[in-house]
Amino acid sequence: MIEDVLPDIAESDLEAFFQITHTIYGYDFRDYARASVLRRLGTILKKYGLPDVKALNQRLLKQKEFFETFLSEFTIGTTELFRDPSAWVALRKQALPLFLSTSQIRIWHAGTSTGEEVLSLAILLTEMGLYPRAQIFATDIDQKALQTAPKARYPLRYKRTYQENFQQVLPDVPFSRYAYEEGNELVFDPQLLRNVRFLRHNLVSDEPFSRFEMILCRNVLIYFTPELQDRVIRKFIQALVPGGILMIGTKESLFWCKEAEKKLASVNNLERIYRRQG
Ligand SMILES: C[S@@+](CC[C@H](N)C(=O)[O-])C[C@H]1O[C@@H](n2cnc3c(N)ncnc32)[C@H](O)[C@@H]1O
């Protein structure tokens, strides 16, 4: 397949790229899956009309203000409201009821991107009467995405997919309870974000937060090497209270992590929902 042909990038240029992004900007991409790094760099070169990674490196060195734009392109922010609806059905039916008598529900949504998943979570919590007890930390490294997320406004062309996903997860609830059209935008009820804090946080290098009843991190680990996946999953396990829930993406796995084998029990293996034991 054409899109699987990786761009031909000189190893020395790639090494310089890792050095610059790490030492100047504090982002260590060395443990990101190599194929994904090459693919993203190829796309960025094309988009900015740069002949090679050497030229990109020059631009990163000379134009500090270019970095946030670069970072937003480099990290893939694809997301949806109730992405993979069956996973959210499983969360609603099998995981969230565990918190019906918990007085405080602290949730970490890591890799929140433009916020659609955090809205999905807020909608489920609201429908189950759990929202007033919830405190949600929604984090990402992409500052541009983090500026979009709190607005809870998306291009109207997404409505069809978002509404279809919504209806699969909550067939008896009208979509209009939470979202409406305004001009060419789909706007979500701002009340859904009243207990959400959006924060910049790097899973690779920043200290993890702690004492969470639930951590959701979907479609982020897939971009990391197995070693980095292992490190991040260990951080998640540590950050969960006993009995706490971890949800990862349906295309991801805990296979690489021995700690997960010891400490996590499956709630729904197919939908990648786990519970910390002890
Ligand atoms: C494909 S999106 C997934 C969004 C959402 N979780 C979903 O599944 O729909 C991956 C997100 O992970 C973020 N990300 C990548 N590396 C990260 C890191 N080291 N720390 C925190 N977030 C990261 C990206 O910026 C991007 O927003």
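Predicted model: local features only at pLDDT ≥ 70, side-chain atom pairs only at ≥ 80, totals over all residues.
Residues are numbered from 1 along each chain as its sequence is written, and side-chain values use heavy atoms, with hydrogens and water left out.

The domain assignment gives domain 1 (2-74) and domain 2 (85-154 + 189-276), with bounds that come from an automatic or database domain assignment. The centres of the two domains, taken over C-alpha atoms, are separated by 28 Å. Across the boundary, 11 residues of domain 1 are in contact with 13 residues of domain 2, where contact means heavy atoms within 4.5 Å.

Empty space was examined next. Rolling a probe the size of a water molecule over the atoms shows where such space is left. On a 1 Å grid over the protein atoms alone, a cavity is a set of points where a 1.4 Å probe fits but cannot get out, whereas a pocket is an open set with protein on both sides within 12 Å along at least five of seven lines; lining residues have an atom within 4 Å of a point. Grid points are joined across faces, edges and corners, and a volume is the space filled by probe spheres set on the points.

A search of the whole structure finds 1 cavity of 30 Å³ or more. The largest cavity has a volume of about 420 Å³ and is lined by 27 residues, with Thr75, Ile76, Asp140, Val220 and Tyr223 nearest its centre. Because domain 1 (2-74) and domain 2 (85-154 + 189-276) both give residues to the lining, the largest cavity lies between them. Helix H2 (34-47) and strand S2 (134-140) each supply at least two lining residues, and H2 provides the largest share, 3 residues. Helices (H or I, at least four residues) and strands (E, at least two) are DSSP runs, numbered from the N terminus. By class, the cavity lining has 10 nonpolar, 11 polar and 6 charged residues; Ala, Val, Leu, Ile, Met, Phe, Trp, Tyr, Cys and Pro count as nonpolar, Asp, Glu, Lys and Arg as charged, and the others, Gly among them, as polar.

The largest pocket contains about 210 Å³ of space. Of its 14 lining residues, Leu254, Phe255, Cys257, Ala260 and Glu261 are the closest to its centre. Helix H10 (258-263) and strand S9 (264-268) are the elements that give two or more residues to this lining, which comprises 8 nonpolar, 3 polar and 3 charged residues.

Helix H6 (residues 116-127) has 12 residues and should span 16 Å at 1.5 Å a residue, in agreement with the 17 Å between its end C-alpha atoms; the expected span is 1.5 Å times one less than the number of residues. In H6, 10 of the 12 residues are buried, including Val118, Leu119, Ile123 and Leu124. Buried means under 20% relative accessible area, exposed over 50%, and partly exposed in between (1.4 Å probe, protein chains only). Glycine 129, with a positive phi near 75°, follows H6.

Most residues other than glycine have a negative phi. Aspartate 84, although not a glycine, has a positive phi of about 60°. Aspartate 84 is placed in the loop between helix H4 (66-74) and helix H5 (85-95) and is partly exposed, with a relative accessible area of 23%. Asparagine 219 likewise has a positive phi of about 60°. Asparagine 219 occupies the loop between strand S7 (212-217) and helix H9 (226-239) and is buried, with a relative accessible area of 11%.
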